[in-house]
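Let's take a friendly walk along the place where two protein chains meet. Have the structure open as you read.

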Amino acid sequence: MAGKKTRRAVAEGGLTITSLMDAMTIILCFLLKSYEASDVTVTPSDDLKIPSSSALAPIKSTVQLIVSQSRILVDGEHVVNLQEYVDDEGRTTFEVPEDEKKGQLISELFNNLDRKAQDLKQIHDSTGLTEAEFKGQILLQCDRNLPFSLIREVMYTAGQAQFGEFKFVVVSTSGG
Amino acid sequence: MRAKKRGTTAEELNLVPIMNLVTILIPFLLMAAQFVSYAVIDSTLPAIGPPVETEEDDPDEKPLSLQVMISFEGFAVGGNHKLLNSDAEGDERGVKIPCHSPGCTYSVEGGEGPEDAYDLKELRTLLGNIKDDKPEEQNVILVPDPSLPYEVLVMAMDATREDPEGTSTEDADAGCNGRCLFPYVVISGGVGAASGGE
């Protein structure tokens with residue numbers, strides 16, 4: 001009699017994973033919905049806070065120019081360091097060091113972007129693909145606290161290197 | 001009787017292989033998931049070319065040339081339109097929209113943004129009225145102050161591009177939140193910009 005009771009207790013003690021399975025299925029559905037297969041990576045950090053906007057236009061892969069509070073990068077490659085200073089009004093702001101510039105042109109950035117433009121044109125010439133056509137598009141990821149004077153210098157330099165179509169990356173508040 | 005009862009007991013489904021699969025899929029999807037959605041705002045440099053010849057006498061033939069200057073005092077809207085006092089001289093030309101607070105300051109620590117300092121409603125109303133009169137116009141030139149933070153520029157781009165409270169028509173306002181105002185934004189050199197720029 002005692003032996004029978006023990007056997008029954010063991011049989012009923014199996015792990016019930018049905019509820020766990022339910023939770024996993026819900027998580028899986030949620031993650032599949034928020035899955036984004038994009039080759040454009042936006043990595044906000046302490047010195048790169050992307051501003052918010054109600055814009056809806058999706059991001060398309062092209063040359064990426066990142067301007068954070070400390071440096072400028074092109075396609076993840078470090079180009080120039082920025083320096084912090086306090087302006088006449090007492091505001092903390094950022095600028096490209098004078099020895100890195102010729103007027104408004106940021107020399108090292110121009111060389112880098114010019115090389116990119118030549119490479120992209122060469123790819124189009126050798127492949128002949130219409131998708132690879134050089135359109136002068138550039139993705140700009142800029143920190144929200146940067147002064148417009150710095151953005152203007154970056155835009156001017158990009159424009160001189162034949163990148164005249166700017167795409168400012170923003171955090172979409174429209175939920176698109 | 002006993003044999004019958006044993007026969008109707010349903011066999012439990014083995015969920016362990018599915019669990020294994022789901023457990024592998026979840027970390028992979030967690031890595032690829034985007035919880036914040038990003039978008040882009042298109043803009044170009046001002047085009048350089050010869051001036052377009054227009055009939056000087058007919059104000060309707062003049063291009064609108066809508067400009068929005070953004071500074072630490074607020075917005076100043078200029079262009080060839082009767083709502084923008086285009087016939088006036090000097091400082092009387094254009095329409096000024098001052099900020100809610102002096103110096104357009106806002107407290108980031110207090111959870112405020114530039115939209116709390118600048119009078120966006122007034123700007124959108126003015127641009128909406130101009131758009132009513134010139135529905136074919138799509139361009140606006142933004143002229144920001146060189147010291148202005150980038151987030152204020154983005155906010156101004158939003159305000160000139162669309163009016164979320166405006167009534168939208170499906171054809172004209174595709175791709176905008178609410179009503180499309182002037183979706184093609186050109187950024188100019190800035191107030192007091194150094195020569196040799198754009």
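## Extent of the interface

Contact here means heavy atoms within 4.5 Å. By that rule, 54 residues of chain A touch 51 residues of chain B. Please keep in mind that this is a predicted model.

The size of an interface is often given as the accessible area lost when the parts come together. For chain A and chain B, the buried area comes to about 4,500 Å², and carbon and sulfur atoms account for 66% of that area.

## Polar and charged links

How many salt bridges are there between chain A and chain B? The count is 1. In that salt bridge, the side chain of Lys167(A) meets the side chain of Asp42(B), with 2.6 Å from N to O.

Which elements of chain A give two or more residues to the side that touches chain B? They are helix H2 (18-33), strand S1 (52-53), strand S9 (137-142), helix H4 (148-160) and strand S10 (165-172). H2(A) gives the most, with 9 residues. Sorted by residue class, this side of chain A holds 33 nonpolar, 14 polar and 7 charged residues.

Now look at S10(A), which is joined by 7 bridges to strand S1 of chain B, residues 38-44. The two strands run antiparallel.

Terms used: Residues numbered from 1 in each chain as written. Chains lettered and ligands numbered in written order. Predicted model: local features only at pLDDT ≥ 70, side-chain atom pairs only at ≥ 80, totals over all residues. Heavy atoms only, no water. Buried area = accessible area lost by both parts, 1.4 Å probe. Salt bridge = Lys/Arg side-chain N within 4 Å of Asp/Glu carboxyl O. Helix = DSSP H or I, 4+ residues; strand = E, 2+ residues; numbered from the N terminus. Nonpolar A, V, L, I, M, F, W, Y, C, P; charged D, E, K, R; others polar. Pairing = 2+ DSSP bridges.
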